[in-house]
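Student: Can you walk me through this one? I'd like to start with the helices.

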Amino acid sequence: MKIAVRYYTRSGNTKKLAEAIADAVGAEALDVSVPLTEKADVLFLGSAVYAAGIDPAVKDFMKANGDQIGKIVNFSTAALLSSTYQQVKKCAEEYGISMAEEEFHCRGSFSLLHKGRPNEQDLAQAADFAKKYLAS
Ligand SMILES: Cc1cc2nc3c(=O)[nH]c(=O)nc-3n(C[C@H](O)[C@H](O)[C@H](O)COP(=O)(O)O)c2cc1C
């Protein structure tokens, strides 16, 4: 099974999750500016919330690489919102990409909020989530 990890980040929070997940599943964590060069049966796709939305770069990546994606597994960080799942799912549906129901989300630091998040515990939980997802 081919596994890929892509993320979009502005301040590094989602990149930390991406690297923890990539380490756990034996893949490389790459930015969404790097296209998929072969089909990924499972794509762990990381995003964050900015002004209640996800960055257009995530949508552009999904549009450009949709035919190379078997299934998206969403992971995300945000200061307040509980996930980017619904926004990524809406986009996945638009481009005909399958999306897992399981996801991983945790707080991400923003200004004075949630200093140090994601922390070591978040990263361990993200790694655990990814391993369990693939084993299921
Ligand atoms: C410009 C900007 C707007 C944001 N807007 C929201 C928001 O509307 N809701 C929310 O929950 N978090 C919001 N956040 C917090 C980010 O989602 C949070 O810091 C996230 O972990 C950033 O991930 P990143 O470091 O991977 O970019 C915002 C952050 C920035 C920089």
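Student: Is the crossing of α1 past α4 left-handed or right-handed?

Tutor: Keep in mind that this is a predicted model. In it, α1 passes α4 in a right-handed crossing.

Student: Which residues make that contact?

Tutor: From α1 come Lys16, Leu17, Ala20, Ile21, Asp23, Ala24 and Val25. From α4 come Leu123, Ala126, Ala127, Ala130, Lys131 and Leu134.

Student: And how many of those are nonpolar, polar or charged?

Tutor: Ten are nonpolar and three are charged. No polar residue takes part in the contact of α1 with α4.

Student: At what angle do the axes of α1 and α4 cross?

Tutor: Roughly 45°. The axes come within 8 Å. Here α1 covers residues 13-25, and α4 covers residues 120-135.

Student: Why call them oblique?

Tutor: Angles of 65 to 115 degrees count as roughly perpendicular, and under 35 as roughly parallel. The axes cross at roughly 45°. Therefore α1 and α4 are oblique to each other.

Student: OK, new topic. In what order do the strands of the sheet run?

Tutor: The order is β2-β1-β3-β4-β5. These five strands form an open sheet, and the pairing is parallel.

Student: Which strands are at the edges?

Tutor: β2 (29-31) and β5 (98-107). Each of these edge strands pairs on one side only.

Student: How many bridges link β1 and β2?

Tutor: Three, in the parallel sense. Strand β1 spans residues 3-7. As for bridge partners, valine 5 has alanine 29 in β2.

Student: Which strands does α3 touch?

Tutor: Helix α3, residues 85-94, packs on the sheet and touches β3 (40-48), β4 and β5. The direction of α3 makes about 155° with that of β4.

Student: Now the ligand. How many residues surround it?

Tutor: 19 residues do. The closest are Asn13, Thr14, Ala48, Leu80 and Gly108.

Student: Which elements give two or more residues to that shell?

Tutor: α1 and β4 (69-78).

Student: How does the shell divide into nonpolar, polar and charged?

Tutor: Ten nonpolar, eight polar and one charged.

Student: Last topic, the backbone. Is the peptide bond from arginine 117 to proline 118 cis or trans?

Tutor: That bond is cis, with omega near -5°. Proline 118 is in the loop between β5 and α4.

Student: What about the phi of serine 111?

Tutor: Serine 111 has a positive phi of about 55°, although this residue is not a glycine. Serine 111 also lies in the loop between β5 and α4.

Key. Residues are numbered from 1 along each chain as its sequence is written. This is a predicted model: local features need pLDDT of at least 70, side-chain atom pairs count only at pLDDT 80 or more; totals for chains, interfaces and linings use all residues. Axes are lines fitted to C-alpha atoms, for helices over the stretch in contact, and angles run from 0 to 180 degrees between N-to-C directions. Helices (H or I, at least four residues) and strands (E, at least two) are DSSP runs, numbered from the N terminus. Angles under 35 degrees count as roughly parallel, over 145 as roughly antiparallel, 65 to 115 as roughly perpendicular and the rest as oblique. A crossing is left-handed if the near helix is turned anticlockwise from the far one by less than a right angle, and right-handed if clockwise. Two residues are in contact if their C-beta atoms, placed from the backbone, lie within 7 Å. Ala, Val, Leu, Ile, Met, Phe, Trp, Tyr, Cys and Pro count as nonpolar, Asp, Glu, Lys and Arg as charged, and the others, Gly among them, as polar. A residue is near a molecule or strand if its C-beta atom, placed from the backbone, lies within 6 Å of it. Two strands pair if DSSP finds at least two bridges between them.
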